[in-house]
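Have the viewer open as you read.

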Amino acid sequence: MYPDPRVERFINDNFIPARFHVKTHPEAMGRFHVDWTPTILILDSEGSERHRIEGFLPNDDFLAQLHLGLAHAAFTAGKFEQAAERFDKIVQDFPGTDAAPEGQYWAGVSRYKATGNGDALKATADAFKQRYGDTTWGKKASIWG
């Protein structure tokens, strides 16, 4: 399905993949408001969308986005510690991708949600001063500093 074995393995280990063709399954395209292909949707067990990837991406960027989807699903399920670990993994394993600053932001939010301790947000704002500070995510976190 995917030429990079890392991508194939990650998908098979973490998701139940389903493929719909835009011309033969227009009802699925309409249900999920798919306007462009490829569109990858990460859904939770209830069928609610938790993350969307539109268009082609290089392998590392695509893997980082898949990790974001898993992390967002954990966050939405209230599994904040697990979400923080997953968001941290994006920053650690895919630091040069667009997903890394988003991961850094949501890791801090996840820690705050898990503990209720505002120090988690301050630590995140401080981390943005060292890395990704000029990104949209860094600007969002700047109020926590």
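## Where H4 meets H5

In this predicted model, helix H4 touches helix H5 through Phe80, Glu81, Ala83, Ala84, Phe87, Asp88, Ile90 and Val91. On the H5 side, the partners are Ala99, Ala100, Gly103, Gln104, Trp106, Ala107, Ser110, Arg111, Lys113 and Ala114. Sorted by class, the contact of H4 with H5 comprises eleven nonpolar, three polar and four charged residues.

H5 covers residues 99-115, and its axis lies 8 Å from that of H4, at an angle of about 155°. Angles over 145 degrees count as roughly antiparallel, and H4 and H5 are therefore roughly antiparallel to each other. The crossing of H4 past H5 is left-handed.

## Where H3 meets H4

Now turn to the other neighbour of interest. Helix H3 spans residues 59-76 and helix H4 residues 80-93; their axes come within 8 Å and cross at roughly 165°. That makes H3 roughly antiparallel to H4. This crossing, too, is left-handed.

From H3, the contact draws on Ala64, His67, Leu68, Leu70, Ala71, His72, Ala74 and Phe75. H4 answers with Phe80, Gln82, Ala83, Arg86, Phe87, Lys89 and Ile90. By class, the contact of H3 with H4 holds ten nonpolar, three polar and two charged residues.

How are H3 and H5 oriented relative to each other, parallel or antiparallel? Their axes are 11 Å apart and the packing angle is about 15°. An angle under 35 degrees counts as roughly parallel, and H3 and H5 are therefore roughly parallel to each other. H3 passes H5 in a left-handed crossing.

The H3 residues involved are Ala64, Gln65, Leu68, His72 and Phe75. They meet Ala99, Glu102, Gly103, Trp106, Val109, Ser110 and Lys113 of H5. Six nonpolar, four polar and two charged residues make up the contact of H3 with H5.

## A closer look at Glu85

Glu85 is part of helix H4. Is Glu85 buried or exposed? Its relative accessibility is 57%, and the cut-off for exposed is over 50%, so Glu85 counts as exposed.

## The chain as a whole

Zooming out, the chain contains seven helices and two strands. Along the sequence, these elements follow the pattern α-α-β-β-α-α-α-α-α. The C-alpha trace spans about 50 × 30 × 25 Å along its principal axes.

How does the radius of gyration fit a compact globule of 145 residues? Such a globule would have a value near 15 Å, and the 16 Å of this chain agrees with that. Buried residues make up 39% of the 145 in the chain. Of the contacts with a separation of 6 or more, 40% join residues 24 or more positions apart.

Technical notes
Residues are numbered from 1 along each chain as its sequence is written. This is a predicted model: local features need pLDDT of at least 70, side-chain atom pairs count only at pLDDT 80 or more; totals for chains, interfaces and linings use all residues. Side-chain values use heavy atoms; hydrogens and water are left out. Axes are lines fitted to C-alpha atoms, for helices over the stretch in contact, and angles run from 0 to 180 degrees between N-to-C directions. Helices (H or I, at least four residues) and strands (E, at least two) are DSSP runs, numbered from the N terminus. Angles under 35 degrees count as roughly parallel, over 145 as roughly antiparallel, 65 to 115 as roughly perpendicular and the rest as oblique. A crossing is left-handed if the near helix is turned anticlockwise from the far one by less than a right angle, and right-handed if clockwise. Contact means heavy atoms within 4.5 Å. Ala, Val, Leu, Ile, Met, Phe, Trp, Tyr, Cys and Pro count as nonpolar, Asp, Glu, Lys and Arg as charged, and the others, Gly among them, as polar. The radius of gyration is taken over C-alpha atoms; the globule rule is 2.2 Å times the number of residues to the power 0.38. Buried means under 20% relative accessible area, exposed over 50%, partly exposed in between (1.4 Å probe, protein chains only).
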